[in-house]
Amino acid sequence: MRCLRLPFTFDPEKLRADLALVRDDEWIPHVQRRHYEGLWSGAALRSLGGSRDNLVPEARDGQRFADTALLARCPYFRAVLAHFRCPLNAVRLLRLQAGSAIAEHVDHALDFEDGEVRIHIPIVTSDGVRFILDGSRLVLAPGECWYTNVNLPHAVENTGTVDRIHLVLDCVVDDWLHQLFASTPAPHFPNHTATVRGVTGSSLAVLPVFAAVAQELAAAGAPVTFRSEGATLILNWAGIYSWQIRLRLPASVDIASDWSAELESSPDLHGEHRGDFVAVMDAIRREFPRIEVHAAGAT
């Protein structure tokens, strides 16, 4: 799942009113300093041990997340968090100063399927902000509520004249969040998709095929690399922003029964990579005659 606009809309004026309660000394530089140019900073609303000086979003050494003193004096932020009836880990205000940029990068274990999701609620933004997710721009308006799969390549440029400030929540996936995601329509992206199905007794050893396809394309001059992340195999086209074809394998496969996996691409607005997607499908069919590949086309 690339992203999802959740069915909550919060009052931008009330969000900005609470934002005004943040003192200058409560903004601290973001921990990932190698990822950005300019100024990227944050203010902790929930952090490890409730510390105002800790923006680290992962639990360490048995520490637990707790509300900070800043959250205690921000009534509307508390009301916003109350909408999320799931466990909350780190909650931060993240500010990208005008003229600053966050380089393309990927985070890890922050996909819905990983059990933790990152939610963005824009407070201050402008037309000069370009948020690129999976090679395609995503526009987030003040007060909207978005899940973004930051396991995918993403980057932000703020060429505007105002700082971009988001309220960012890291939520633990539970039954409530499962139901919320299942009942929320996904936005449309023009990407290529296919279902890979194996019949009883068929192998799923497709990793060498993906690696070989990457080598063939690279030899022909395409800027393609191959890697795997957990149960996902990835072909990555390098450029200003990355473009990918991903095969999401099931967590486990019992060759004594049928199985299926999903093949998908990054958005391909102009169909420039249609031939690459077809080449990957053909390679899987060629190497594994007992595996079926059913393309859904550009969706």
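Which backbone oxygen does the side chain of serine 47 reach? The side chain of serine 47 reaches the backbone oxygen of serine 51, at 2.5 Å.

## Basis of the model

This is a predicted model, in which local features need pLDDT of at least 70 and side-chain atom pairs count only at pLDDT 80 or more, whereas totals for chains, interfaces and linings use all residues. Residues are numbered from 1 along each chain as its sequence is written, and side-chain values use heavy atoms, with hydrogens and water left out.

## Serine 47

Serine 47 belongs to strand β4, residues 40-48. Strands (E, at least two residues) and helices (H or I, at least four) are DSSP runs, numbered from the N terminus. With a relative accessible area of 1%, serine 47 is buried; buried means under 20% relative accessible area, exposed over 50%, and partly exposed in between, with a 1.4 Å probe and protein chains only.

Residues up to four places away in sequence aside, serine 47 touches Asn54, Arg64, Phe65, Ala66 and Thr68; contact means heavy atoms within 4.5 Å. The C-alpha atoms of serine 47 and threonine 68 are separated by 6.9 Å, although these residues are 21 apart along the chain.

## Histidine 30

Histidine 30 is located in the loop between β2 (28-29) and β3 (36-37). Its relative accessibility is 6%, so histidine 30 counts as buried. Apart from neighbours within four places in sequence, its contacts are Tyr36, Trp40, Ser41, Leu55, Arg92 and Leu94.

## Arginine 246

Arginine 246 lies in strand β17, residues 243-248, and is buried, with a relative accessible area of 1%. The side chain of arginine 246 makes a polar contact with the side chain of aspartate 134, at 2.9 Å. A polar contact is a pair of N or O atoms within 3.5 Å; within protein, one must be able to donate a hydrogen and the other to accept it, and residues adjacent in sequence count only if both atoms are side-chain atoms.

Beyond four places in sequence, the residues touched by arginine 246 include Arg2, Leu152, Thr232 and Glu262. Between the C-alpha atoms of arginine 246 and serine 51, the separation is 39 Å.

Two strands pair if DSSP finds at least two bridges between them.

Strands β9 (residues 129-133) and β12 (residues 154-158) run antiparallel and are joined by five bridges. Leucine 133 stands opposite histidine 154 in β12.
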